[in-house]
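The sequence and structure come first, followed by notes on selected features.

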Amino acid sequence: MDLLNTLVDKGLRRELPTREEALAVLATSDDELLDVVAAAGKVRRQWFGRRVKLNYLVNLKSGLCPEDCSYCSQRLGSKAEILKYTWLKPDDASKAAAAGVAGGAKRVCLVASGRGPTDKDVDRVSETISAIKEQNEGVEVCACLGLLSDGQAGRLRAAGADAYNHNLNTSEATYGDICTTHDFSDRVSTVQQAQAAGMSACSGLIAGMGESDADLVDVVFALRELDPDSVPVNFLIPFEGTPLAKEWNLTPQRALRILAMVRFVCPDIEVRLAGGREVHLRSLQPLALHLVNSIFLGDYLTSEGQAGKDDLAMIADAGFEVEGTDTTTLPEHRRQDCGAAAADEADDADGDSEEIDATVPAPSDDTRRDLVSVRRRGAGTDLPPNA
């Protein structure tokens with residue numbers, strides 16, 4: 001297929017595809033799926049070999065968020081029966097993180113619900129970062145605390161935070177459809193603040209919220225223009241009790257096409273398979289490892305994930321290896337010159353290509369709602385995590 005040959009050549013040269021090419025990946029048929037995976041896999045292996053980076057989530061504060069993000073089980077007005085608790089103490093958070101590190105996680109992601117942290121919250125998280133780093137040599141710590149105020153990014157960096165996560169989630173044009181309490185530009189600003197403070201930026205998307213192919217391409221191109229070091233790709237977990245509970249728009253095949261498109265647009269960026277992989281990829285999860293070079297280990301913020309031991313077995317069985325703390329994730333050129341040319345590349349690639357849009361597939365009649373399991377173990381409980 002000429003399209004795939006072109007995309008592989010561009011990916012190996014770190015050249016951005018056009019919007020038309022990215023849309024064409026999403027429009028490929030199921031009969032072409034393995035060819036698409038194989039092509040994107042060549043790009044993945046060029047920049048990351050067969051390494052898989054493991055990341056581990058610690059939910060520092062769960063539920064009771066004042067924001068109204070429609071996809072979130074912790075949102076204002078959510079009726080999802082999730083765990084709700086206030087801030088974990090630094091020692092408790094460090095113990096939770098240690099379980100993930102023991103399972104092979106290279107990065108610990110500290111997440112707290114809410115619009116954004118107060119200065120007292122930043123102090124609290126700073127203590128937690130110190131506790132984790134004292135007990136786990138070489139571990140990376142990423143903070144995800146919502147919208148940042150002036151000076152907070154610098155304080156987190158000074159406390160030892162290696163990265164900051166704040167996802168764009170969907171296209172700017174449709175952002176108002178999923179949230180009204182803040183806007184797309186607020187999210188972009190927070191990512192930029194993290195970068196300016198010297199933290200590695202982590203920003204991604206959520207697929208499966210009823211968006212069009214054009215929306216998916218828009219948000220991935222917006223991410224590439226921001227030039228984060230890692231891009232988590234989440235697939236909507238349709239929690240009962242949230243506005244998007246009935247949005248079951250994804251098939252395993254579509255999820256793989258989305259991951260392949262992200263890899264072609266972000267050839268040398270850490271692409272992370274994130275929330276919802278078990279729900280939507282199901283038995284095709286191992287194929288996704290040919291597209292991504294990073295996954296979350298074990299449970300998520302408010303839902304249960306695949307057992308950590310099963311994640312490790314899946315990686316080994318698929319012929320991949322867990323990336324150690326002695327290995328730098330990003331290719332050499334990105335470590336030396338992160339973000340220098342991304343905006344120019346985006347301008348060059350986004351020329352006069354023809355717009356292609358596709359209708360969103362109808363939900364399947366055999367939707368597996370039983371695959372959404374609320375987390376009842378790990379952080380905030382007396383039960384051990386499954387890492």
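## Strands β1 and β2

Strand β1 (residues 51–61) and strand β2 run parallel and are joined by 6 bridges. Strands count as paired if DSSP finds at least two bridges between them. L57 has C109 in β2 as its bridge partner.

The model is predicted: local features need pLDDT of at least 70, side-chain atom pairs count only at pLDDT 80 or more, and totals for chains, interfaces and linings use all residues. Residues are numbered from 1 along each chain as its sequence is written, and side-chain values use heavy atoms, with hydrogens and water left out.

## Cover of β2

In strand β2 (residues 107–112), 6 of 6 residues are buried, meaning under 20% relative accessible area with a 1.4 Å probe, protein chains only. In a regular strand the side chains alternate between the two faces of the sheet. On one side of β2, R107, C109 and V111 are buried; on the other, V108, L110 and A112 are buried.

## The whole chain

The protein chain has 15 helices and 10 strands, which are DSSP runs (helices H or I, at least four residues; strands E, at least two) numbered from the N terminus. Of its 387 residues, 59% are buried.

The C-alpha atoms of the protein chain fill a box of roughly 55 × 50 × 40 Å along the principal axes. Among contacts (heavy atoms within 4.5 Å) between residues at least 6 apart in sequence, 79% join residues at least 24 apart.

Conventions. Buried means under 20% relative accessible area, exposed over 50%, partly exposed in between (1.4 Å probe, protein chains only).
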